[in-house]
Structures are given as C-alpha cells and as structure tokens.
Amino acid sequence: MKRESRGIQSIEVGGELLRALARCGEPMMLRDLAREAGMTPAKAHPYLASFSRIGLIEQDETTGRYEIGALALELGLISLRRQSAVRIATPRIAALADSINHAVSLSVWGTHGATVVRLEEPSHPVHIAMRVGSVVALLETATGRAFAAFMPPNAIRTALESGLDRLGVGYNPKRPPADAKTAEILAEVRKHGLARALGDPLPGVNAFSAPVFDHSGHVALVITAMGPEGTFDARWDSPIAAALRDCAGEISWQLGHGTVRATERP
C-alpha cells in the first residue's frame, strides 16, 4: 500500500478558504467566506492575512470583501497554458502573428468570462488595452462575441444577466442583457465564422476573432488578431481573415473536431 506523505495540517485547513472562494467565484465578506469554509471568522482571519501577504487573495479596501489575488491568478494561468488545447495553439498563434505581422491573442472561458492567456505581439508597436490575464467584455469585443456566438445560449444568457464580465475590457454598464441588437451581432458572427470589431472598444484598432472547437464541438479557445485600422484589413474576405480561419481550423482539427484542415481543402 502506498504510504501517504506527511503534510502540514494548517495549510490544508486554510486551503478550505481558497476552495470556498473558488466555488463562489465572487468577492466575499469574511463572515460568509468563513461559513462556507466551515470555520469561525476569528479562525479564518489569520489564514486570510497570511494568504494576502503572499498574494493568494486580496481584500478590497472599500468593501472589505476578499477575492482571488494576483498569485492565484498567475498559478491559474500557468495551469491553463499547460492544458493540451493551449499547448497546441501557442506555437500556431506565434506563427500567425509572424505571417500577418499583427498582434494575436489566445483566450479561454475562465471564472470571470473570456480571459486572455497568451499574447503574441508584432514587430511594430500597437496600443492594445489587453494583456495576459485580462478579461474582455462579451458583447463589446471581438473575442467576447466569438465566445457568445458559439457557446451554449443558456450559459451566455446567464453570463450577460449576471454581469459576469463587468470588469472586462470594453464593458458597457448600460447595455441591456439581451435585445434584438445582441441577436443581430451574434447572428453575423455565426454567418461569417468570425467576430469583428472596427475601432471599438479600442479606438483605432480593428480585430477579428475565431473560435476553436474541441472534439465534442464545444468552444475550447478563441484566437484574436488585432492591429491599427490603417494597416489591418478588416474585410470579411481579407487575407488576415483567411489566415485566422485557417489557423483556428487547424487547431480545431488537432483537438479532434471534424474540421477539414486547410491543406486538405479541395
């Protein structure tokens, strides 16, 4: 029988607070967090103080609520990068960025919505408001629209109604959760197999986003190409659009999706 390694009980006890935060997915007050972790606030507080010092959690100075910290996010991003889909896609988006000479990002659906996990920047400078770890808005960005158009409708409806992406790049707090305009935007994405943003939400920056599907037909990733409107050809049939579609199709094929590879097309 395999011998169990000796551990540190206090770390395991404190870990229940981190699990409680992860389950909730929202900032929590001390009393609620302690209750979810099965301990008293007095017992929970020292653990939270230590976790705060090393960056596993953060406390909002205004509300007093606790949330996942920078170190926890960094560890999560490392885990995401190690997933097969991200590993397969990473060298391909680097090649895409080189071929089109524009920035290319790779995003996954995370706890707070569409989250950038990789970013390949071009040789020339371009101002973009997203970085690795950024969450982007669902309806205001090409990346978000690509997820919203191809994910299960109920999941997207819930995300929109709850304001899941309210801290995301480009988020508009005045937008309705769902209306005719939303349906029209997502229908256009499905029609072209790409989402497009023209100088909005980032002035002067155009973008295309393409979904990557796994073996079960679910959206595993979204690839986004973006660049200055003066040099980024945003026509639906542009070379950039074609290169992005081919890249997404190749990765989908590698993940077991029934997509014909670019090299096998008649």
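Author: Happy to. The largest cavity is lined by 13 residues, and Met130, Ala142, Pro201, Leu202 and Ala207 are the ones nearest its centre. On a 1 Å grid over the protein atoms alone, a cavity is a set of points where a 1.4 Å probe fits but cannot get out, and lining residues have an atom within 4 Å of a point.

Reader: Before we go on, what kind of model is this?

Author: This is a predicted model: local features need pLDDT of at least 70, side-chain atom pairs count only at pLDDT 80 or more, and totals for chains, interfaces and linings use all residues. Residues are numbered from 1 along each chain as its sequence is written, and side-chain values use heavy atoms, with hydrogens and water left out.

Reader: Thanks! Which elements give two or more residues to that lining?

Author: Those are α6 (142-150), β6 (205-213) and β7 (219-228). β6 gives the most, with three residues. Helices (H or I, at least four residues) and strands (E, at least two) are DSSP runs, numbered from the N terminus.

Reader: And how much space lies in the largest cavity?

Author: About 120 Å³.

Reader: How does its lining split by class?

Author: Eight nonpolar, four polar and one charged. Ala, Val, Leu, Ile, Met, Phe, Trp, Tyr, Cys and Pro count as nonpolar, Asp, Glu, Lys and Arg as charged, and the others, Gly among them, as polar.

Reader: Switching to helices: at what angle do α2 and α3 cross?

Author: Roughly 100°, with the axes of α2 (residues 30-37) and α3 (residues 41-54) coming within 9 Å. That makes α2 roughly perpendicular to α3 (65 to 115 degrees). Axes are lines fitted to C-alpha atoms, for helices over the stretch in contact, and angles run from 0 to 180 degrees between N-to-C directions.

Reader: Which residues make the contact?

Author: Leu30, Arg31, Leu33 and Ala34 of α2 meet Pro41, Ala44, His45 and Leu48 of α3, where contact means heavy atoms within 4.5 Å. They divide into six nonpolar, one polar and one charged.

Reader: Last one: how many aromatic pairs are there?

Author: Four. In one of them, Trp109 and Phe147 have ring centres 5.6 Å apart and planes at 50°, so the pair is tilted. Rings of Phe, Tyr and Trp (its six-membered ring) pair if their centres lie within 6.5 Å; planes under 30 degrees apart count as stacked, over 60 as edge-to-face and the rest as tilted. This pair links distant parts of the chain, with Trp109 in strand β3 (residues 103-110) and Phe147 in helix α6, 38 residues apart.

Terms used: Parallel < 35°, antiparallel > 145°, perpendicular 65-115°, else oblique. 1 Å grid on protein atoms, 1.4 Å probe; cavity = no way out; pocket = protein on both sides within 12 Å on 5 of 7 lines; lining within 4 Å. Points joined across faces, edges and corners; volume = space filled by probe spheres on them.
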